[in-house]
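Please walk through this model with the sequence at hand. The text takes up domains, then a chain interface, then a helix pair, and ends with confidence.

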Amino acid sequence: MRETLGEKIFRVIVLAGLSVFVLLPLYVMVATSLKPLGDVQAGFTWFPSRITFEPFVEMWSTVPLARYFMNSLVVTSVATLFSVVVAIFAAYAVSRWRFHGRNAFMTTVLSTQMFPGVLFLLPLYLIFVNIDATFGVPLVGTRIGLIITYLTFSLPFSIWMLAGYFDGIPKELDQAGKVDGAGNLTILLRIVLPAARPGIVAVAIYAFMTAWGEVLFASVLTTEETRTLAVGLRQYATQTNVYWNQILAASIAVSIPVVVGFLMMQKNFVAGLTAGAVK
Amino acid sequence: MTVTAPRGTEARPASAEQPAPRRRHRTWFPYLILLPAVILELLIHIVPMVTGFWMSFVELTKFFIRRWTEAPFVGLENYRIAVDFDTPIGQELLSSFLVTVAFTVLVVGLSWGLGMAAAVALQRPFRGRGVFRTLFLIPYALPLYAAVITWNFMLQRDTGVINHILVDQLGLLDEAPFWLIGDNAFISVVVVAIWRMWPFAFLMFMAGLQSIPGELYEASAMDGASPLRQWRAVTLPMLAPVNQTMLLVMFLWVFNDFNTPYILFGTAQPPAGDLISFHIYNASFLSWDFGVGSAMSVLLLLFLLLVSLVYLYATQWRKGRSHA
Amino acid sequence: MRRRTLLATAPLAAAAAAGLAACGSGSGGGSGDKPASLTYWASNQGTSIENDKEVLTPVLEKFTEETGIEVSLEVIGWADLQTRIQTAITSGQGPDVLNIGNTWGVSLQATGGLMELGDAEFEALGGRDRYVEAALATGGAEGTDPASIPLYGLAYGMYYNVKMFEDAGIEPPTTWEEMVEAAKALTDPDKGVYGMSLAAGSYTENNHFAFINATQNGAKLNDADGKPTFTEDGVVDGILRYLDLMQEHKVVNPSNAQFDNGTKSVTSFANGEAAMIINQNNANATIESQGMTPDQFKAIPFPAPADAVDDCASHLAGINLAIMADTKNPDASLEFLKFMTSPETQAELGKPFASLPVLVDGEPTFTEDTEQADMFMEVYADRAAPLPLVPWEDQFESTVGQAMNAMFATIATGGKVTREDVLTAMQTAQDSIRV
């Protein structure tokens, strides 16, 4: 099926427009990170007066960036992994069974998205403190506490979306599997999951980004040792100076792995993955 | 009916409401695999929310915070304070609410539009498609603080690139306007929010589009449908399940957005950009008045719940879907 | 169906809530069971959090040498400090000792989360008279035992660009009116130079000036019963006077309405875009790091009008040191407080943190310039007053400060703010205060 001229024009306009919209701030980020601080505080120039990599060097010492980066990486990856797993199971249950309490579960889960985060903060902190006091499991100031919090934060949306994707996978596939004698778990792993791969990837990305960028809870649930990037970046605005160029340099540096990861994920969006599923 | 069935129990006796008799022996299976999600939700979301509810009925201020179990019960007093439109507190809450509604409609609408446009534009494979995909996801991939602070930097009146382009280079305006204070602040916060949100819509649509079989388009093309027609007749309906959830969730997130105004405006929050989540924080938590803050939050919750229920009912009724 | 599930989950939630209530606050301090070890939360006073750690660590090591008490340090940025303190006080789990902004002194005292320091405690510290009286007053409401002691002193001064003044042949101003004249003479919008730069978008800075100008007019922000009195003539006139710098006299760049913290106006000054700024005495480091040399700028007291009732030049700014009420190591904590406010430590930390000594006979080390040192010491000792010592002080800061932000924004975007507008704004702010 060949592309019409209209489609071509549409494509060019959309891609060009959005590219400019996206690239402008990115360019500012890169250019500013290569400027000396004096440049940054003066009027805007497209090019640095002199290109300097100092911000990229200094940023590691103004703030313990490497440690924050590792913390973020660990917390986010683990939270994403478990979030996706838990969400897959929950979504499978919701999609394939009409069980008692199903509606209640979905509505309650959705309602969690309506509460402003600020309100959760104090009660959650108290719960963690009490679990520590009662069971001796340290949750405040540890990575575990943050992991559990983050994985739960992304659950509601992940479950909703995955259930939606699963719904789009015809139940006939399940039946076919059952006829072959497969149990529920096998159907999930062998039939449903492969077919829902794009959805799973999308949800994993969402879970990752939610954890990666969360600031409010991290500011309270971490200590110097376990602090994540999102909170750490704010510390470039110190008592004496706002080190713009370092903030942006650090942002670029820590975004690169994420962007590279995205690039690698491209393969999973290949069309035709599900085309042959019903055979 | 609880979900506390321990692992490895015998199959439950089927109650009259259970579906398909074939599954009678495995009726505990969905509960079992649902369990981890339920436990986590209870711990992290539900119990804190219930506590938040309770907080709205007591006078929880800095005087009681240490012995918060002894905070005096004040019934609906906190709510009354929040909605008393004769007082500054109530008025500001209302104005913040209206600003947030306008903000949310614009941001969700435009993000949806841009995300859809980009996903459709990138639907067909072509050389360099991966590059665009990655590029468009970058705003979403950036740490929120970095993205918003960059925009703050760009929107400065004297040293920002936006005014540099508009005034110095393109000469569209005579005098450099303020973008971070005054009425323009609303436009700024909308644009920044869209910049971060549209890649998310794009991501979700992209995933959804991949599972639309190409044959449907071919069939439609053979019927002589224009690309626009195809989009309406094939793409939109196939994306309906994804769309339905996404719109609702985007609405909720954008409405509750705290970080964007907080980082964009710092402590110089303009009334034109006073979004409700930050407003509640500012009006209450900052001064340790958790009781009133919680009451405001509960009111917000009720509003969003109402909107969501109406939305779900309307979409369910229209599409006949039984997905909750 | 939904009701049944909610009913089922209710007992679970109730049990959890009961569990919360049972093990509520009072579940111990944060330093564990080791006998001689303290946890200390320090605020960011220097150029960065890492830098602060480098500065404090040797000092803390000396403490350990002298007393055998280990100190575990965490430096917390200002963006997070208040929230961390809130959660610590609420949960009862936190540090043993911590820095607080001294304007939070009375608010935090009201929570009961900080240990009150009575006669016995002050004896352990070496006596109340060691400390500058006004600084000590910030630790608690009038007539009560303070819940914190002053640690670092700070005061406003007016920094001016020596060369600009010399070139224009102007003497440094000693009254408000002279200051306005000087600023007008030095303002040249076409060249992008203004007489003054203000952090007009920072509610924390703005409320300080509301206070200072009101005090110069002899007006107080609260009455004897502790109720807010923002609508007093002296207060309204004081605020209008400050706003008029941008509105009437036009000696402040309207863009300053975007400056949401003091560092930004300091940067303006260091870049030669403003001839005068009003900043705390720790601005030297920032100014010099932006390229100015010490001989290019000088500091003088922030002037009052010629007919002012009070020559208040600054609010009593600074950082206090407090002990958490839930600490398990009260004696060790008191020793720590004594150490940190000993003359040696004060002199040592005064330099990197550019702070004024809080001891009556303290030796200023924040600058080599003796003239500047004397000036700031005089302001701190004689011409500075503490912000309202009431529990709702934090509400005052945010309501009045943000009202001023909005008024500056109106002026910057071309609107007009009249005395009635200021009065209305102050009435609104006052009505918002929940005492």
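How many Å separate the centres of domain 1 of chain C and domain 2 of chain C, taken over C-alpha atoms? In this predicted model, the separation of the two centres is 28 Å. The domain assignment of chain C places residues 37-154 and 316-376 in domain 1, and residues 156-315 and 392-432 in domain 2. Where the two domains touch, domain 1 of chain C contributes 18 residues and domain 2 of chain C contributes 15 residues. On the domain 1 side, helix H4 (105-111) and helix H15 (370-382) of chain C each give at least two residues. The largest share of that side comes from H15(C), with 3 residues. Sorted by class, the side of domain 1 of chain C that touches domain 2 of chain C holds 11 nonpolar, 6 polar and 1 charged residues.

Chain C also touches chain A. Here 32 residues of chain C are in contact with 30 residues of chain A. On the chain C side, two or more residues come from each of helix H1 (2-22), helix H2 (49-67), helix H3 (78-91), helix H11 (262-270) and helix H12 (283-289) of chain C. H3(C) supplies the largest share of this side, 7 residues. The class make-up of the side of chain C that touches chain A is 7 nonpolar, 20 polar and 5 charged residues.

Helix H3 (residues 88-121) of chain B packs with helix H7 (residues 184-210) of chain B at an angle of about 40°, and their axes are 6 Å apart. Angles under 35 degrees would count as roughly parallel, and 65 to 115 as roughly perpendicular; H3(B) and H7(B) are therefore oblique to each other. The crossing of H3(B) past H7(B) is right-handed. Among the residues of H3(B) in this contact are Val99(B), Phe103(B), Leu106(B) and Trp112(B), and those they meet in H7(B) include Phe186(B), Ile194(B), Trp198(B) and Phe205(B). By class, the contact of H3(B) with H7(B) has 22 nonpolar, 2 polar and no charged residues.

Confidence is the last point. Chain A has an average pLDDT of 81, and 91% of its residues score at least 70. Where pLDDT is low, predicted coordinates should not be read in detail.

Conventions. Residues numbered from 1 in each chain as written. Chains lettered and ligands numbered in written order. Predicted model: local features only at pLDDT ≥ 70, side-chain atom pairs only at ≥ 80, totals over all residues. pLDDT = per-residue confidence, 0-100. Domains from an automatic or database assignment. Contact = placed C-beta atoms within 7 Å. Helix = DSSP H or I, 4+ residues; strand = E, 2+ residues; numbered from the N terminus. Nonpolar A, V, L, I, M, F, W, Y, C, P; charged D, E, K, R; others polar. Axes fitted to C-alpha atoms, helices over the stretch in contact; angles between N-to-C directions. Parallel < 35°, antiparallel > 145°, perpendicular 65-115°, else oblique. Left-handed = near helix turned anticlockwise from the far one by under 90°.
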